[in-house]
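Visitor: I'd like a quick tour of this protein. Can we go through it together?

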Amino acid sequence: MTTIHDIYQAQRSYFASGATRPFAFRKTKLKELRKAIKRHEDAILAALHTDMRKSPVEAYGSEIGLLYEEIDHTLTNLRQWMRPKPVSSPLMHYPSGSVIYREPKGLTLLIGPWNYPFQLLINPLIGAIAAGNTAILKPSELAPATEAVIQRVIADVFEPQFVAVVTGEGHLVIPELMKHRFDHVFFTGSIPVGKKILEMAAPHLSPVTLELGGKSPCIVDEKADLKTAARRIIWGKCWNAGQTCISPDYVLAHQKIMNPLLEHMKAAIHQFFGENVADSPDYPRLINEKRFDQVASYLSQGSVYTGGETSRADKFIAPTLLTDVSFDAPVMKEEIFGPVLPVIPYKSTEDAIRMIAENPYPLALYIFSKSRKTEQAFIEKVAFGGGCINNTLVHFANAELPFGGIGYSGMGRYHGRNSFYEFTHEKGVLKTGTWLDVPMKYAPFGNKLKLLKM
Ligand code: NAD
């Protein structure tokens, strides 16, 4: 199979054959996928190091371990998720029973970004397989070593009629793919490309999941445990050198604790990566010179509290805390997607909520506080995708929680049961017995209105 059209046609026929639907098939394929990832573990870790200098510990935790957990969770629960669900029926339609069936959608197209290039493509694949679909995977061309390893892993375990990988530059390959009708398109990437994906899906009315980005705020109130907050914020910000869709984009620090918080964050950076961060084997690099230039341009848009060191040749930017930042500066208008962290003081919860509204619909939101009232104020008054209280990033790693954005940060949700839901169609069926045919709905209606109104 050489052309996109050939792969598409082969998947259409394969799906139509019903081969992907049985529980046993889905279970076997998920187990095979797990084994294939295991076989290629070293190659995956090496590719992620080549593309972004991710340390093996970080790469394993965020790109491999998470997938094993997702597969295991799915295998444990799949039979129950697949079970048709009986629901009640209105008396009006007696004698009836109603059932919801979860049907595979069909052919899925999964499009991945470069920042977690393995995990963010294979994670939705787990959902697509669990739901009984076929899949075409389009990895990001900007992480070429991982793109190559994805091709090897998938070719090792699946026939292209079931799961295939198509590579190339996104702006060329994806329009070509989306000339065909997919039964679901799952896209992870930037907001501008997300809009293009929606436009390309529109003529076919293909359902689309968009996992996008945005500016995720991190609020630290005056009663928070500052040392722990600092460590967890710096951990989340430096994970993949800030190139994480749910990275704490900026910190809103209550004015009373801003200075001690800055000191604790500075101490955490040095504790994690030493005095010379560039020498740390645990600190990743930016993906390419273009992203380096973009992130480096933010360094002059405030006062550098700590950090600021760069090397273009090495695509290195030190973790940098930025103060005296204006909300009008590009660093507060654009998703930073790098290791630069503006820290901005606020006076009251209402003040912080108003500041967050400058960049509405963040993908994530983090609250560091000991006050339940403060937690609830942010949860109830701010629209955000998901988040943590007294932590960062880790809500992504709980398969029981739906993961996804709202508004500009995306549409749809996945992980665990939610992936299964996203990739299936809920088919509602009402079945009526024939032993009784209640004449209520049939003409002549006569004075039936009186009975209806009772
Ligand atoms: P991107 O939108 O540039 O690329 C994503 C995919 O789209 C790639 O496979 C690429 O080949 C393809 N593509 C690029 N240009 C295209 C075009 N013109 N037409 C069609 N397809 C095209 O995103 P990226 O730079 O790889 O990733 C970074 C962005 O992704 C950030 O905004 C980040 O917040 C977001 N992101 C979101 C999540 C999430 O789970 N919500 C996770 C990771 C990244």
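Predicted model: local features only at pLDDT ≥ 70, side-chain atom pairs only at ≥ 80, totals over all residues.

Visitor: Fine. How many helices and strands does the protein have?

Guide: There are 15 helices and 18 strands.

Visitor: What box do the C-alpha atoms fill?

Guide: Roughly 80 × 60 × 40 Å, taken along the principal axes.

Visitor: And what is the radius of gyration, against a compact globule?

Guide: The protein has 25 Å. A compact globule with 454 residues would be near 22 Å, so the two agree.

Visitor: What share of the residues is buried?

Guide: Buried residues make up 45% of the 454.

Visitor: What about contacts between residues at least 6 apart in sequence: what share joins residues at least 24 apart?

Guide: That share is 68%.

Visitor: Switching to annotation. Which residues does the UniProt domain entry cover?

Guide: The unreviewed UniProt entry puts "Aldehyde dehydrogenase" on residues 5–427. That span is 41% helix and 18% strand. Its end C-alpha atoms lie 29 Å apart.

Visitor: Which domains does the domain assignment give?

Guide: Domain 1 is 4–212 + 409–429, and domain 2 is 217–397. Their centres, taken over C-alpha atoms, are separated by 31 Å.

Visitor: How many residues does each domain put into the contact?

Guide: Domain 1 gives 13 residues and domain 2 gives 15 residues.

Visitor: What classes are on the domain 1 side?

Guide: The side of domain 1 that touches domain 2 has 6 nonpolar, 4 polar and 3 charged residues.

Visitor: Take E211. Where is it found?

Guide: E211 is in strand β7, residues 208–211.

Visitor: Is E211 buried or exposed?

Guide: E211 is buried. The cut-off is 20 or more other C-beta atoms within 10 Å, and E211 has 27.

Visitor: What does E211 touch, beyond residues up to four places away in sequence?

Guide: E211 touches F187, T188, G404, G405 and G410.

Visitor: On to the ligand. Which residues come nearest?

Guide: Of the 26 residues around the ligand, P113, G170, G189, G213 and C245 come nearest.

Visitor: Which helices each supply at least two residues of the shell around the ligand?

Guide: α7 (170–177) and α8 (191–201) do. α7 gives the most, with 3 residues.

Visitor: What is the shell made of, by class?

Guide: The shell has 10 nonpolar, 11 polar and 5 charged residues.

Visitor: Last one. Where does the ligand shell lie relative to the two domains?

Guide: Between them, because domain 1 and domain 2 both give residues to the shell.

Definitions and conventions: Residues numbered from 1 in each chain as written. Helix = DSSP H or I, 4+ residues; strand = E, 2+ residues; numbered from the N terminus. Buried ≥ 20, exposed ≤ 12 C-beta atoms within 10 Å, placed from the backbone. Contact = placed C-beta atoms within 7 Å. Near = placed C-beta within 6 Å. Nonpolar A, V, L, I, M, F, W, Y, C, P; charged D, E, K, R; others polar. Domains from an automatic or database assignment. Rg over C-alpha atoms; globule rule 2.2 N^0.38 Å. UniProt positions renumbered as here; feature names shortened; annotations may be inferred.
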